[in-house]
Amino acid sequence: MIGQYLPEFAEKFPHKPAVKADGVQVTYGEFYENVKKLQYHMQKKTGTDKGRKVAIFIGNKPAFLEVFLAAASLGWMGVPVDPKWTAGELADILAELQPDLAVFEKEPPPGFPFPSLVYAEVMLTEKSGLHWISHDDWERDFYIGYTSGSSGRPKGYIRNHRSWLESFRVAEEVFSISRDDGFFAPGPFCHSLSLFAAVHALHLGATVYIMESFAAEKAVDLIKKEPITLIYAVPTMIYAIVRECEKRGEQIGSLQKMIVTGAKWETEQKERAKLFFPNVSRYEFYGASELSFITYIDEKGFAENPKSIGRPFPGVDIRIINDKGECLPPEKTGEVYVKSGMIFTGYYNRPELTEEVFRGGYVTVGDIGFVDEKGYLTLAGRKKNMIISGGLNIYPEEVEEVLRNHPAVKEAVVLGIPDPYWGERLTAFIEWEAEEEPGSLEVHCRRELPAYKCPKEYITVDRFPMTASGKVARNEFQKLVMEKRQAVER
C-alpha cells in the first residue's frame, strides 16, 4: 500500500531527509513518528472505520504529507483543499463531501461545521504507546482530488491505491527513477502533479524538496544547492526557471531529468531548457488527474515527431472513437479513450458524470486527437472547447499553437465570440513577447492554417487569468471578455 514502507525506512535510514521545504527538514525517523501520532489522534477523534474522508487545510508543508500518508495508511481518503477556491466553491465542496474530519495547521475558523484536528496540537502530545497501522486492500480508495475549476464547477475524482502504485511503477520504468534521486516538486499539493511526485518519493525512500509557494529565484537556488536530480513541473514553471538562469548567465549541470506536463511544452522552450541544463533528459507527458500517465515523448520522440505528445506508456491502450462509438484507424481524428491499470475509480458523488466518461473499460476526459502509423498521439483540442464558426468545427488549441510559434507572441488564446453571421467568430487574444510588424501575424496564420481556421479578429491583452496549475482559465477569460464587450455596448 502507499506508505507501507515508512516503518522500514525509519529503521534503515532514520536520519535521511524525507522532506525538505523552505529551510525545514523532516527525516524519515521524524516523519514516521509524526504519522503515527496523527493516526492515533485521527482515530481517537472519529473512530476506526475505514473509508473516512479527511479534508486537509494545510499548504505545501511537510505536515500536509504527514496527514496525507496517515490517512492513506489507515484506509481513509485524503482530500486536499485548494486555498484558491472561492468561499462559495469551498462551501459547495464541503457540503457535497461531508468530511468526517478536517485537519488544520492551526485553529479552524469559528463555527466550522465538521469535526476538526489541529496539527500543531497533535505534535505537542507524547509519542509513547503509538503503534503503526496499515491495511492491505489495494483496491481501497485513498485520495479525492478536485479539478482546478478552469471551466465549470470543480469535481472530485477518486483514486485507489492500486492505480497510484501502478503509476509509480511505470514512472520508474520510463523516467529511470530510483530511491537515489532527489525529487523536486515545486507546485501546489492541491493539484495532483506535485502531490504525486512527493508521495512517490516517500514511497521509494527518496528525498523530496517542496516549496510553500513557487518562485523562480528560490527554485534555481534550491537546484544549485541541493542534490536534486529530477523535477516535475508545468511548462510555465520551467519557463520561469530557465529565464532566471538566463538572467544570471548560469548553467546547472546537476539536474538530470525534467518531467513536464499540464500544457504543450513548446519546441523553442525545450531547446532553451537544454542550454541552461545541459545534462538533463527532457520528458513531456500527456496525462490527466483521472487517468494518470497516457503518453510520453522523450529526446528521441522530440526528434521524430515534435508536434505529437508521444507514444503510450507501458500498459496503456489508446482508442480513437467517433461520435457513433466506432473505433477509428490511424490518422483519423476523434475522441481519445484510454484503458490502463492507472485510471481513476470515478467522480465523487457524480455517478451520471462517471457513466458519461466510461465506455467498455475505456475512459475519456474529452480530448480530441489522432494516432499516426508509428503510434504517436497528436491532440487537436478538447471537445468542450470546440468552436463552430460558419458551420465548421474548429479546435482552438490547434490555432493557438500556430499563434505561439510566431516569434512576437508570448501567449495566445482563441475563443468563439457569439456573432450573428458566423455563429461564433474566431477571435485571438494575444499577449506579446515583442513588438509585431503590422500584419505579420495574419500572414503567418494564412500560411500555416486553412482560411476558415484563421482568426477573424486579433485583440491585445496584458495578461491572461490562470489556474493554480499554470493553465489559462479559459472559462474565466471568456466571461471577462463578454463583460468588457457588454460594458462597451452600454
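Biologist: Happy to look at this with you. Why is H41 called buried?

Modeller: The relative accessibility of H41 is 15%, and buried means under 20%, so H41 counts as buried. Keep in mind that this is a predicted model.

Biologist: Good to know. Where is H41 found, and what is it in contact with?

Modeller: H41 is found in helix 2, which covers residues 28-46. Leaving aside its neighbours within four places in sequence, H41 is in contact with L117, V122 and T125.

Biologist: Let's turn to a glycine. How do you know whether G310 is buried or exposed?

Modeller: G310 has a relative accessible area of 0%. The cut-off for buried is under 20%, so G310 is buried.

Biologist: Which residues does G310 touch, and where is G310 found?

Modeller: G310 is found in the loop between helix 11 (299-304) and strand 15 (311-312). Not counting residues up to four places away in sequence, G310 touches T295, Y296 and I297, along with G375, Y376 and L377. V371 is 61 residues from G310 along the chain, and their C-alpha atoms are separated by 9.5 Å.

Biologist: And A55, why does that one count as buried?

Modeller: A55 has 0% relative accessibility; with buried meaning under 20%, A55 therefore counts as buried. The residue lies in strand 3, residues 53-57, and touches V79, V81, P99, L101, A102 and V103, residues up to four places away in sequence not being counted.

Biologist: Now the whole chain. How many helices and strands are there?

Modeller: The chain has 15 helices and 27 strands.

Biologist: What share of the residues count as buried?

Modeller: Of the 490 residues, 55% count as buried. As for contacts between residues at least 6 apart in sequence, 67% join residues at least 24 apart.

Notes:
Residues numbered from 1 in each chain as written. Predicted model: local features only at pLDDT ≥ 70, side-chain atom pairs only at ≥ 80, totals over all residues. Heavy atoms only, no water. Helix = DSSP H or I, 4+ residues; strand = E, 2+ residues; numbered from the N terminus. Buried < 20%, exposed > 50% of the residue type's maximum accessible area, 1.4 Å probe, protein only. Contact = heavy atoms within 4.5 Å.
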